[in-house]
Amino acid sequence: MALLRGVWGMLSALGKTGADLCAGCGSRLRFPLSFLCLPRWFSSTLGRYPKKPLSSYLRFSTEQLPILKAKNPDAKNSELIKKIAQVWRELPDSEKKLYEDAYRADWEAYKEEINRIQEQLTPNQIVTMEKEIMQRRLKRKALMKKRELSMLGKPKRPRSAYNIFIAERFQEAKDDSSQAKLKTVNEKWKNLSSSQKQIYIQLAKDDKIRYDNEMKSWEAQMIEVGRNDLIRRTMKHQTKDDNTE
């Protein structure tokens with residue numbers, strides 16, 4: 001039953017209602033994340049699920065982020081998040097209570113709506129939903145993690161020599177399909193001499209240095225705002241050793 005509470009998130013992430021996922025699919029709906037077909041009652045039930053209320057801090061952050069962004073258009077999201085965290089810590093308890101009370105009220109309304117919807121389902125329908133929701137929750141968790149890291153300004157991973165070559169050459173076959181383009185680029189990569197490939201290998205090494213430097217700076221910012229859960233394991237050990245000395 002607890003799994004049902006997170007169903008609304010997948011459709012929100014996709015930006016569609018359940019019925020939109022597979023128009024004209026007959027009496028059964030194609031599940032977009034597997035090879036299974038789901039009954040239409042499954043889709044319509046998902047579409048009615050309410051949005052989970054934001055916590056008091058997330059509610060505050062959602063209000064403050066566009067305000068700070070407007071005042072500091074050139075600031076990185078990670079810098080704005082750090083500022084919001086600082087403002088929240090310094091916020092008087094009386095003002096925090098307003099956000100906490102609003103969250104409690106929304107949470108009660110959310111639970112009532114969830115219970116109302118679940119009462120309309122048969123036991124077999126609930127079992128079916130719980131089995132399929134597992135895959136959706138995993139997919140949504142990965143998607144939300146990616147969005148969070150992007151919002152926090154995490155540096156892009158370094159590219160390989162082959163990926164740099166693809167990005168450079170992919171536009172040459174403009175009139176071909178994506179599959180044909182990739183095939184053409186693969187053939188060109190295979191035909192490169194060792195000295196020609198060395199150029200892209202060096203570019204990849206430079207990009208790796210860029211990534212390492214940016215990650216060190218980003219992880220230092222994450223430590224300052226209390227997000228040690230986002231720090232790489234090697235960085236955690238290094239920080240612990242520095243504190244010991």
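A: We begin with Arg 104, which is partly exposed, at a relative accessible area of 48%; buried means under 20%, exposed over 50% and partly exposed in between (1.4 Å probe, protein chains only). This is a predicted model, in which local features need pLDDT of at least 70, side-chain atom pairs count only at pLDDT 80 or more, and totals for chains, interfaces and linings use all residues. Residues are numbered from 1 along each chain as its sequence is written, and side-chain values use heavy atoms, with hydrogens and water left out.

Q: Which residue meets Arg 104 in a salt bridge?

A: A salt bridge is a side-chain nitrogen of Lys or Arg within 4 Å of a carboxyl oxygen of Asp or Glu. Here the partner of Arg 104 is Asp 101, at 3.1 Å from N to O. Both lie in helix H5, three residues apart, about one turn of the helix; helices are DSSP runs (H or I, at least four residues), numbered from the N terminus.

Q: Which residues are linked with Asp 101 in a network?

A: Lys 97 and Arg 104 are linked with Asp 101 by salt bridges. The closest N and O atoms of Lys 97 and Asp 101 are 2.8 Å apart. Lys 97 has 45% relative accessibility, and Asp 101 has 30%.

Methods. Helix = DSSP H or I, 4+ residues; strand = E, 2+ residues; numbered from the N terminus.
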